[in-house]
Amino acid sequence: MGTEVNAELEHVRNYWANMKSNSPIYSFLLGDINIVSATKGQIIAQLKVLPVHFNSKKTLHGVVSSCIMDWAGGMAIASTGLDNTGLSTDIHTVFVSTAKEGDLLEIESKASKVGASLAFTTIEIRHAGDREKIVAHGTHTKYIKK
């Protein structure tokens, strides 16, 4: 991933900093997430799996994957320049595999359509460095006010 900061990346990082400070659950579960790139309608982030992300089997908890779907959908919408990413109307998560402590996850989120009242996103969580090793994928629909 490049280190160049474009307008979209700066906007998304600023949006996330504000959101994180106002959201205890995002701050707790995703406080260490790193947004590494953003273009209009797409973001890529990374998160190292820590014990706070575990289920009883000491692997990535499904609720963390679902939380990432929620977060990443909003960030993809933010990358289009919006300052308000709306309210969730539907989040769908498909659990494909898992991750363990120390694994680095890559999250890719794309805004398929940002309309006048609804925004549709697709999200994929995978092991960093291996696009084929998918942990979860899903969709997130949000009601937005423009």
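I will talk about a group of aromatic rings, then a helix, and then a histidine.

First, please keep in mind that this is a predicted model, in which local features need pLDDT of at least 70 and side-chain atom pairs count only at pLDDT 80 or more, while totals for chains, interfaces and linings use all residues. Residues are numbered from 1 along each chain as its sequence is written, and side-chain values use heavy atoms, with hydrogens and water left out.

Let me start with the rings. Rings of Phe, Tyr and Trp (for Trp, the six-membered ring) pair if their centres lie within 6.5 Å, and planes under 30 degrees apart count as stacked, over 60 as edge-to-face and the rest as tilted. By this rule there are two aromatic pairs. One is formed by Trp16 and Tyr26, which are edge-to-face, at 6.0 Å centre to centre and with 70° between the planes. Trp16 lies in helix 1 (residues 7-22) and Tyr26 in helix 2 (residues 24-30), so this pair ties together parts that are 10 residues apart in sequence. Helices here are DSSP runs of H or I with at least four residues, and strands are runs of E with at least two, numbered from the N terminus.

Trp16 also pairs edge-to-face with Trp71, at 5.4 Å centre to centre and 80° between the planes. Because Trp16 is in helix 1 and Trp71 in helix 3, this pair ties together parts that are 55 residues apart in sequence.

Trp16 is buried at 4%, Tyr26 is buried at 10%, and Trp71 is buried at 0%.

Now to helix 3, where 13 of the 17 residues are buried, so this helix is largely enclosed by the rest of the structure.

Finally, His53 sits in the loop between strand 2 (42-48) and helix 3 (62-78), and with 2% relative accessibility His53 is buried. Leaving aside neighbours within four places in sequence, His53 is in contact (heavy atoms within 4.5 Å) with several residues, including Leu29, Leu47 and Val64. The side chain of His53 reaches the backbone oxygen of Leu29 at 2.8 Å.

Definitions and conventions:
Buried < 20%, exposed > 50% of the residue type's maximum accessible area, 1.4 Å probe, protein only. Polar contact = N/O pair within 3.5 Å; in protein donor to acceptor, adjacent residues only side chain to side chain.
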